[in-house]
Amino acid sequence: MALLSRPLKTFLTTAAVVLTGLAAAPMARAQQFDQQPIDPNLAVAIASPVRNGAFYSLMILTQVPNQRQCWQEQGQAGGPITVDPLLLNFDFTGACDRSTDGNGYSVRINGQDLGVHYRLEVSARQNDLVLFARPTRDRAAPPIEIGRTNGRTNGFLKIQLNPGWQMTRRTYNGQPVGHIYLTHDAPLDVRLAAGATPPLSQTPNTPPVGRPTTPPMTSPPPPSTVATGNYFRVVVPITGPNTLQQVRAVEPEAFRTTADGQEVVQVGVFRDRQRADEVYNALVAASLPAKILGASAPAVASTPTLPPIPQGSLVVVIDPGHGGRDPGAVGIGGLQEKQINTAISNRVQQQLQAAGITVLMTRSSDVFVDLDARAQYANRAGASVFVSIHANAISMSRPEVNGLETYYFSSGERLARSIHSAVLQNVSMRDRGVRQARFYVLRYTTMPSVLVETGFVTGAEDAARFRDPAAVNRIADSVARGILNYLGR
Ligand SMILES: [Zn+2]
């Protein structure tokens, strides 16, 4: 790839001090990780166009030394540098790594992992695309500018990092792992920089960052491409008999509906554009022709409201999958997944309540609840545990496929194993394993979270079990037992 030297800009030494407001925040995870430098020629941060440049997401490519070239650059530093990400066209396994979301990259400043406090976001700014670290919790804290494209096209553009910023690789117990950091090694007081000094970037067009009056840093997509409103609706047009099944392998909560008169599978409606982007990217990575549509209000029939929670109580959120106009999977004899989910969830709730636990349900009747609302509900409740209850499906011509699958994404692994083994101990069913998956409700809940696929509505053995109320209760009691074991109750 081209070797490009960046003109050195003077680093703002005035931007010293501390990360205001973060000092008291828990940093437990940060202790485990360290960083190691990456040769700047072997990594590139790219503004990656979504929907023909209606907006952009961040993609980071890293090159394994002495392997096939992963990308090509064209252009001069100071102006736009276009990137041809060659790996999108060929199989570059072993030569290139690609990070496309918050699991693959995060911000690290002055030796602290800030992935929990900031997310990386590419926003249009006049004739530039700017990479920001945007605060996720402290709404008053200003975003931090990390780099910009120095010009704009509809293609892939290199993000040229501001002085002081570099990419490093996360290490765990001294071993390099796949995660990439956007790293600044000096303490950086964003609030001070915003209030009393020039903006962090010296590029002339930069708006001042961090003033309370600064408008939101996200620029809405052009009106021509997103019809109305502030919500982003992620759908996949139905192109064949397996579309719903394929989408549900990426997001189990997806359901069939219409959009603009077209038959689609809807995954979710998001207020947050980056979350819509991430879901979109996950679908595209699974070769699904996803689309992001505008929506004036979330297409939710029901947003769960939090009941009062007794002080000091242990809270478990149970999430019965699907509901309302979304029956979930439909199996042998018209067996509807949502009914199984409801029966199991209600019984789990009773059992946990009997053990003195406060149990909240993302839905307590047969209503439709959006994907994001489910995760946010658990977060707002301050739940200790989140368990989503589903039933699985595969083609009706595969009745031989049966069994239990339990999913976690990160912190839910121990919980997943506890539930999975409790069910297998008490219910005679096939073991399809504890698995890791990037399902939305697992990624965007802040507590240990698990999604249980309690059997196949299309499976001969499992469907028969689902039709037996005593057997359904046994599954529910075992899920509850697994949760209680995990909680030490
Ligand atoms: Zn489901």
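The account begins with L120, a residue of strand β9, which spans residues 118-125. The structure in which this residue is examined is a predicted model. Is L120 buried or exposed? L120 has 24 C-beta neighbours inside 10 Å, and a residue is buried if 20 or more lie within that distance, so L120 counts as buried. Apart from neighbours within four places in sequence, L120 is in contact with L58, Y105, V107, L131, A133 and L182.

The protein has 489 residues, and buried residues make up 44% of them. Among contacts between residues at least 6 apart in sequence, 71% join residues at least 24 apart.

Residues up to four places away in sequence being left out, I46 touches M59, L61, V83, P85, F156, L157, K158 and I159.

Helix α6, residues 413-426, packs against helix α9, residues 469-487, at an angle of about 140°, and the two axes are 8 Å apart. That angle makes α6 oblique to α9. The crossing of these two helices is right-handed. On the side of α6, the contact is made by R414, L415, S418, I419, A422, V423 and N426, while α9 contributes R474, I475, S478, V479, R481, G482, I483, N485 and Y486. By type, the residues of this contact divide into eight nonpolar, five polar and three charged.

Helix α9 also packs with α4, residues 337-354, at an angle of about 50° and with the axes 8 Å apart. The helices α4 and α9 are therefore oblique to each other. Their crossing is right-handed. Here I340, A343, I344, R347, V348, Q351 and L352 of α4 meet V472, N473, I475, A476, D477, V479, A480 and I483 of α9. The residues of the contact between α4 and α9 divide into 11 nonpolar, two polar and two charged.

Another helix, α5, covers residues 371-381 and includes A373. How many other C-beta atoms lie within 10 Å of A373? The number is 18, and A373 is partly exposed. Along the chain A373 and G268 are 105 residues apart, and their C-alpha atoms are separated by 9.4 Å. Elsewhere in α5, the residues L371, D372, R374, A375, Y377, A378 and A381 are buried. The elements that cover the buried residues of α5 include β18 (262-270), α3, β20 (315-320), β21 (358-361), β22 (385-392) and α7 (440-443). Just after α5, G382 takes a positive phi of about 65°.

Backbone angles lead to two further residues. Most residues other than glycine have a negative phi. N66, however, has a phi near 60°, a positive value in a residue other than glycine. N66 is found in the loop between β3 (55-63) and β4 (71-74). With 6 other C-beta atoms within 10 Å, N66 is exposed. S287 likewise is a residue other than glycine with a positive phi, near 65°. Where is S287 placed? S287 lies in the loop between α3 (273-285) and β19 (291-295). S287 has 8 other C-beta atoms within 10 Å and is exposed.

Conventions:
Residues are numbered from 1 along each chain as its sequence is written. This is a predicted model: local features need pLDDT of at least 70, side-chain atom pairs count only at pLDDT 80 or more; totals for chains, interfaces and linings use all residues. Axes are lines fitted to C-alpha atoms, for helices over the stretch in contact, and angles run from 0 to 180 degrees between N-to-C directions. Helices (H or I, at least four residues) and strands (E, at least two) are DSSP runs, numbered from the N terminus. Angles under 35 degrees count as roughly parallel, over 145 as roughly antiparallel, 65 to 115 as roughly perpendicular and the rest as oblique. A crossing is left-handed if the near helix is turned anticlockwise from the far one by less than a right angle, and right-handed if clockwise. Two residues are in contact if their C-beta atoms, placed from the backbone, lie within 7 Å. Ala, Val, Leu, Ile, Met, Phe, Trp, Tyr, Cys and Pro count as nonpolar, Asp, Glu, Lys and Arg as charged, and the others, Gly among them, as polar. A residue is buried if 20 or more other C-beta atoms lie within 10 Å of its own, exposed if 12 or fewer, and partly exposed in between; C-beta atoms are placed from the backbone.
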